[in-house]
Each structure stands twice: as structure tokens, then as C-alpha cells.
Amino acid sequence: MPESLPSGWESKYIGPPDMWAGTAGADVVGGEVIEINDDGTNPQVGIVVANASSGDTVIYYIAGRFTVACATGDVIAAGNQLYWDVSANEAVLAATAGSGDPFLGTALTAAGSGITQVEILLNHVNQADKA
């Protein structure tokens with residue numbers, strides 16, 4: 001049961017808002033982008049903070065500003081919603097994402113043809129691009 005809120009408060013800080021702990025389902029490497037809650041309907045990605053072995057506790061970033069690999073054929077504009085291509089291990093636009101590719105975040109920088117990296121806000125939905 002969550003701790004009660006102090007009288008008159010609407011919220012209370014309970015821990016770092018950008019990190020989550022879980023059990024590694026396989027060996028993971030710091031910086032790796034992985035799916036952390038595949039409930040079949042709302043997968044979320046996290047970025048591994050440090051190496052961990054299968055079965056060990058692993059810490060993931062679930063929000064923040066990151067540089068990730070991106071598909072060199074996609075022309076990404078700042079503000080575009082990106083997905084994580086789990087086969088190619090790179091960010092892609094919704095139009096090129098596969099059905100099982102989870103949402104990654106919002107592009108902060110543009111990435112044109114031949115560009116291999118893009119800066120993102122992890123798990124952030126750009127409401128303007130959502131329409």
C-alpha cells in the first residue's frame with residue numbers, strides 16, 4: 001500500500017522519476033535499449049544503466065534525454081514520434097516500425113538520410129505529433 005499523502009498535498013516524491021528497477025530476463029549491457037514491460041498491449045522501453053546478469057536486479061532509465069541509433073533511411077524531424085525496431089536495434093518512424101516495435105520517445109534533433117544517431121526524450125509523447 002502506498003504511503004499516505006501529507007494533509008493538503010496532491011503528490012509526494014517517492015523516488016527518482018527517471019529510473020526503474022526490475023529483474024533482468026537475460027544478460028544486459030549498460031546503454032542497451034530493451035523492452036521492460038511487455039504486457040501485450042502497452043510495451044515500454046528502458047535504457048539499461050549498467051551491465052547485469054540474467055536474474056539479477058537491473059536499473060533502467062525510463063525517461064530522460066538520450067542519443068540512440070536510428071535508421072539511416074528514415075528522414076526524422078525534431079518532434080517526430082519514434083519507435084524501437086527490436087530487430088535492427090535502432091529508432092524508426094511509425095511508418096517503418098513493425099507491429100511489435102515499442103514506442104521509444106520523441107525526436108529532439110533531425111536525422112536525415114545517412115545519419116546514424118538521433119537525440120530523443122525517452123518515453124515522451126509529443127502531443128502535437130500525435131494527431
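Colleague: Where is the place of Q81?

Modeller: Happy to start there. This is a predicted model, in which local features need pLDDT of at least 70, side-chain atom pairs count only at pLDDT 80 or more, and totals for chains, interfaces and linings use all residues. Residues are numbered from 1 along each chain as its sequence is written, and side-chain values use heavy atoms, with hydrogens and water left out. Strands here are DSSP runs of E with at least two residues, and helices are runs of H or I with at least four, numbered from the N terminus; the run that holds Q81 spans residues 81–85 and is strand β6.

Colleague: Is Q81 buried or exposed?

Modeller: Buried means under 20% relative accessible area, exposed over 50%, and partly exposed in between, using a 1.4 Å probe and protein chains only. Q81 has 9% relative accessibility, so Q81 counts as buried.

Colleague: With which side chain does the side chain of Q81 make a polar contact?

Modeller: A polar contact is a pair of N or O atoms within 3.5 Å; within protein, one must be able to donate a hydrogen and the other to accept it, and residues adjacent in sequence count only if both atoms are side-chain atoms. At 3.1 Å, the partner of the Q81 side chain is the side chain of T106.

Colleague: Which backbone nitrogen lies 2.9 Å from a polar atom of the side chain of D85?

Modeller: D85 also sits in strand β6. Its relative accessible area is 15%, so D85 is buried. The backbone nitrogen at 2.9 Å from its side chain belongs to S87.

Colleague: Leaving aside neighbours within four places in sequence, what is D85 in contact with?

Modeller: Contact means heavy atoms within 4.5 Å. With those neighbours set aside, the residues that D85 touches are E90, V92 and D101.

Colleague: What is the phi of N89?

Modeller: N89 is in the loop between β6 and β7 (90–93), and is partly exposed at 46% relative accessible area. Most residues other than glycine have a negative phi. N89 is not a glycine, yet its phi is positive, at about 55°.

Colleague: In what order do the 4 strands of the open sheet stand?

Modeller: Two strands pair if DSSP finds at least two bridges between them. The pairing in this sheet is antiparallel, and the order is β1-β4-β3-β2. β1 (19–23) and β2 (33–35) each have a single partner strand, so the strands at the edges are β1 and β2.

Colleague: Which residue in β4 is the bridge partner of V48?

Modeller: Strands β3 (residues 45–48) and β4 (residues 57–61) pair in the antiparallel sense over 2 bridges. The bridge partner of V48 in β4 is Y60.
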